[in-house]
Amino acid sequence: MQSRKANYFNQFPVARVVLLLAGFTAVGIPTAILLAPDAFYASYGISLGQDVNLANEMKAPMGLLVAAGLLMLAGAVRADMTIAALAIATSVYVSYGLSRVTSFAIDGLPNGALVGAAAFELMLGATCLVLLLRARSTNSLIETSFRRRT
């Protein structure tokens with residue numbers, strides 16, 4: 001007999017695929033920034049120069065993003081972590097996307113690659129939010145029906 005969480009996990013394989021995408025993105029990009037920041041930012045037309053303080057500030061939040069990405073990946077392979085991973089992915093991607101949109105309103109539009117990054121983050125965050133809401137409602141239904149049987 002399958003557990004309740006495994007049942008959800010098998011019902012919504014799209015959540016696993018989305019969490020894999022979110023997780024690999026959240027691990028890959030910060031890793032690139034940590035290891036080769038000049039090359040990474042040059043792809044967006046940004047020059048960091050030789051400012052050690054700026055490099056430190058740019059790299060500081062990357063550990064948090066790698067950790068969040070690893071949790072997303074864990075949620076893609078472990079049913080008991082799926083809901084938490086979707087919540088983390090929603091928080092990371094929606095907050096990044098909305099922060100970029102706020103910057104667009106205050107500072108103006110950056111180059112197209114950064115606008116594209118905002119669109120990607122908002123779409124992925126919205127997808128994670130929809131999956132999270134579905135997972136929570138399905139989990140509630142599964143728990144309710146499980147309690148009735150016991």
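## Packing of α2 with α5

The crossing of α2 and α5 is left-handed, a term for a near helix turned anticlockwise from the far one by less than a right angle; helices here are DSSP runs (H or I, at least four residues) numbered from the N terminus. The contact, meaning heavy atoms within 4.5 Å, involves residues of α2 including Leu19, Phe24, Val27 and Ile33, and residues of α5 including Met62, Leu65, Leu70 and Leu73. By class, the residues of this contact of α2 with α5 comprise 16 nonpolar, four polar and one charged, where Ala, Val, Leu, Ile, Met, Phe, Trp, Tyr, Cys and Pro count as nonpolar, Asp, Glu, Lys and Arg as charged, and the others, Gly among them, as polar.

## Basis of the model

This is a predicted model, in which local features need pLDDT of at least 70 and side-chain atom pairs count only at pLDDT 80 or more, while totals for chains, interfaces and linings use all residues. Residues are numbered from 1 along each chain as its sequence is written, and side-chain values use heavy atoms, with hydrogens and water left out.

## Packing of α2 with α6

The crossing of α2 and α6 is also left-handed. On the α2 side the contact is made by Ala15, Leu19, Ala22, Thr25 and Ala26, and on the α6 side by Thr82, Ala85, Leu86, Ala89 and Tyr93. The residues of this contact of α2 with α6 divide into eight nonpolar, two polar and no charged. Leu19, Ala22 and Ala26 of α2 belong to the contact with α6 and are also listed in the contact with α5.

Notes. Helix = DSSP H or I, 4+ residues; strand = E, 2+ residues; numbered from the N terminus.
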